Amino acid sequence: MARIVVLDGHTVNPGDLGWESLQALGELAVYERTPPEFVVERSLGAEVLVTNKTPLGEQVLAALPGLAGISVTATGFNIVDTRAARERGVVVCNVPAYSTASVAQHTVALLLELVSHVGLHAASVRDGEWSRSIDFSYWKQPIRELAGQTLGVVGFGDIGRRVAVLGQALGMRVLATPSRRPEPPPPGVAIVELGVLFRESDVVSLHCPLTESTERLVRRDRLVTMKNGALLVNTARGGLIDEADLAWALATGVVAGAALDVLSVEPPPPDHPLLSAPNCIITPHQAWTSRAARERLLAVTVANVGGILARRPQNVVNG
């Protein structure tokens with residue numbers, strides 16, 4: 001019976017989902033988290049490893065001669081040395097597009113919090129401020145209407161396209177960067193170069209992958225080109241932003257506000273510059289974590305593991 005090891009199951013399944021479908025494929029060992037010093041020990045004898053954020057580098061792979069495949073419980077797979085895996089005949093699979101709806105929804109939730117300040121005002125009511133007010137209505141921050149404003153979508157894949165449609169539903173004009181996908185953009189979406197998008201957008205939302213060409217895509221020289229009062233949203237990867245530059249832009253008013261679900265280091269150190277930056281909302285990389293998205297993630301992971309064991313792998317990223 002094939003041995004299957006889940007190295008960090010807690011993130012994907014903290015206990016509200018089951019492992020039965022994966023267990024049906026072989027002898028299953030599930031670890032909530034695996035420190036680096038235990039990765040090889042726990043992985044010995046495994047035919048398939050399942051990992052979310054536990055790195056599998058060249059040295060680890062060299063110590064696992066019986067390994068046939070790795071299933072990454074995410075769309076991004078940079079935690080695996082895919083070149084080293086390919087050289088050893090180890091298949092690496094990922095899970096594409098499982099979280100599109102959830103991430104797009106969270107993107108809009110972050111944007112709405114930036115412009116409507118729902119959390120701030122709800123907290124003030126809970127603290128008794130409305131009960132003490134002499135007026136029937138008040139606001140602690142200006143409420144900003146999105147209808148008629150311009151949304152710039154950087155990265156026009158599945159999530160970017162979903163966010164564009166949601167932006168249009170709010171009455172926004174939508175700009176997007178060029179895409180390699182063959183299908184045309186949705187009606188009403190204008191494709192423009194990156195510089196134009198930053199200059200003309202009231203809201204810039206990042207949805208591109210983190211690569212050598214996109215690392216620190218958003219830095220001081222680009223931030224200063226943004227409109228007065230512009231907002232920045234990032235639910236993609238923290239490394240897309242030079243975080244010290246963004247903290248400076250928020251402190252000086254070059255950018256009016258930012259809402260982020262990702263940072264370059266996760267969890268962030270206590271002195272991270274954006275944790276104390278003004279008008280900056282940060283959530284703990286949770287956009288993908290809806291139960292529906294995680295159910296899809298596990299279902300595709302089971303299919304990936306089954307495909308590896310049957311020598312018919314799917315969603316291969318190192319072929």
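Q: Which residue just after H13 takes a positive phi?
A: This is a predicted model, where local features need pLDDT of at least 70, side-chain atom pairs count only at pLDDT 80 or more, and totals for chains, interfaces and linings use all residues. Residues are numbered from 1 along each chain as its sequence is written, and side-chain values use heavy atoms, with hydrogens and water left out. Helices here are DSSP runs (H or I, at least four residues; strands are E, at least two), numbered from the N terminus. Just past H13, a positive phi of about 65° belongs to Arg 311.

Q: How are H6 and H9 oriented to each other?
A: The axes (lines fitted to C-alpha atoms over the stretch in contact, with angles from 0 to 180 degrees between N-to-C directions) of H6 and H9 come within 9 Å and cross at roughly 45°. Under 35 degrees would be roughly parallel, over 145 roughly antiparallel, 65 to 115 roughly perpendicular, and the rest oblique. H6 and H9 are therefore oblique.

Q: Is Arg 216 buried, partly exposed or exposed?
A: Arg 216 isn't a glycine, yet has a positive phi of about 55°, and sits in the loop between S9 and H11. Buried means under 20% relative accessible area, exposed over 50%, and partly exposed in between (1.4 Å probe, protein chains only). At 39% relative accessibility, Arg 216 counts as partly exposed.

Q: What is omega at the cis peptide bond joining Glu 266 and Pro 267?
A: Look in the loop between S11 and S12 for Pro 267. The cis bond joins Pro 267 to Glu 266, with omega about -5°.
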